[in-house]
Amino acid sequence: MNLKIGVIKGDGIGPEIVTEAMKILDKTADKYGHTIEYTKLLMGGASIDVHGVPLTDETVDAAKSCDAVLMGSIGGDAKTSPWYKLEPSKRPEAGLLKIRKELNLFANLRPAVLYDELRGACPLKEEITEGGFDMMIMRELTGGLYFGERKTVEENGVLTAYDSLTYNENEIRRIAKRGFAIAMKRRKKVTSVDKANVLDSSRLWRKVVEEVAAEYPEVTLEHMLVDNCAMQLVKNPKQFDVILTENMFGDILSDEASMVTGSIGMLASASLNETKFGLYEPSGGSAPDIAGQGIANPIATILSAAMMLRYSFDLDKEAEAVEAAVAKVLADGYRTGDIMSEGKEKVGTVEMGDLIAAYI
Ligand code: IPM
Ligand code: MG
């Protein structure tokens with residue numbers, strides 16, 4: 001199979017971690033008889049430096065012509081980077097929001113798994129993590145507060161800012177259907193997270209999710225308020241299988257879920273539309289404070305590449321090979337700094353990539 005993959009290395013640690021993920025993809029392709037055609041794409045600060053904008057229409061078209069896109073991370077230090085002197089719509093993050101919207105990537109999958117080997121890096125008490133946990137956060141990605149109308153105006157001499165949270169029933173239905181379909185392949189439980197005790201958008205969310213649930217009688221549905229969910233994630237993470245939620249809640253809860261797995265450097269993600277196309281990126285940021293030092297954890301990006309093999313190319317066997325190689329390297333005791341614990345061997349970004357590649 002020939003895989004046409006767009007590559008956005010991005011900013012900060014992006015280039016370092018994407019290089020390692022490409023190493024793993026190349027090794028996997030080699031081993032299983034595939035070829036890869038990479039198309040380099042510029043987004044975020046790297047695009048601002050060249051084109052003055054975080055994402056050009058040409059880059060969007062080039063991304064559309066690929067089967068899938070692998071991405072590192074975008075953005076810089078908001079205090080010191082010149083990118084943040086630009087108006088908000090020209091900053092690195094705007095490129096990310098634009099590509100999500102332009103490619104209609106409404107379904108964001110963020111799996112949070114506690115590897116047995118990483119227990120030591122998990123900040124929760126052992127009795128809570130006993131037996132591990134494995135959840136899939138399904139975050140709606142092209143609606144809600146992120147894409148609603150916003151403005152800052154002066155009203156009677158007082159600066160006032162507006163951000164609107166809008167969802168229509170179709171937007172809710174399509175992500176709910178994805179969530180239930182994924183639950184069917186897992187432990188058949190969906191926790192739909194909202195703030196229905198306050199928000200109209202959440203009440204509509206709940207109604208539509210219940211309609212969709214009726215089409216999946218084998219799946220158990222429960223509703224949970226977002227504040228309670230934030231608490232339950234650290235109190236009893238084992239209870240979750242699929243967490244289905246809107247854009248902003250998903251942003252916040254997925255960072256929290258990543259931390260209980262030990263590090264955000266472990267959390268992969270896939271952003272999908274109605275087709276097989278997907279954008280695959282680690283859930284963590286560009287970590288400008290450690291960029292260029294060769295110490296960033298490439299595992300989230302490597303696991304994102306595995307998700308690409310599975311969801312965009314239907315190469316399940318290859319995806320499993322990558323995931324098994326990651327588990328093996330962790331079992332062997334190798335750790336980047338963010339997941340380091342006593343008695344383990346600390347390695348850098350490139351060495352971690354090499355070790356994983358060797359196990360494919
Ligand atoms: C994420 C990030 C982005 C988001 C930022 C960089 C705009 O935090 O992918 O979770 O909020 O969606
Ligand atoms: Mg986030």
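**Salt bridges and one buried aspartate in a predicted model**

The chain has a mean pLDDT of 96, with 100% of its residues at 70 or more, where pLDDT is the predictor's confidence in each residue, from 0 to 100. This is a predicted model, in which local features need pLDDT of at least 70 and side-chain atom pairs count only at pLDDT 80 or more, while totals for chains, interfaces and linings use all residues. Residues are numbered from 1 along each chain as its sequence is written, and side-chain values use heavy atoms, with hydrogens and water left out. Confidence is lowest in helix 5 (residues 126–129), at a mean of 90, and highest in strand 8 (residues 189–194), at 99; helices (H or I, at least four residues) and strands (E, at least two) are DSSP runs, numbered from the N terminus.

Let me turn to the charged side chains. How many salt bridges does a search of the whole structure find? There are 20, a salt bridge being a side-chain nitrogen of Lys or Arg within 4 Å of a carboxyl oxygen of Asp or Glu.

One of them joins Lys98 to Asp57, with the closest N and O atoms 2.9 Å apart. Because Lys98 sits in helix 4 (residues 92–102) and Asp57 in helix 3 (residues 57–64), this pair ties together parts that are 41 residues apart in sequence. Lys98 is partly exposed, at a relative accessible area of 27%, and Asp57 is also partly exposed, at 46%; here buried means under 20% relative accessible area, exposed over 50%, and partly exposed in between, using a 1.4 Å probe and protein chains only.

A second pair, Arg203 and Asp200, meets at 3.0 Å, N to O, and both residues belong to helix 7 (residues 200–213), three residues apart, about one turn of the helix. Arg203 is partly exposed at 40%, whereas Asp200 is exposed at 60%.

There is also a network of salt bridges, which links Asp134, Arg186, Arg187 and Asp241.

Finally, consider Asp11, in the loop between strand 1 (2–10) and helix 1 (14–32). Which side chain of opposite charge is nearest to Asp11? That is Lys40, 11 Å away, and Asp11 is buried yet has no salt bridge; in this count Lys and Arg are positive and Asp and Glu negative, with His and the chain ends not counted. A polar atom of the Asp11 side chain does lie 2.8 Å from the backbone nitrogen of Gly45.

Key: Chains lettered and ligands numbered in written order. Polar contact = N/O pair within 3.5 Å; in protein donor to acceptor, adjacent residues only side chain to side chain.
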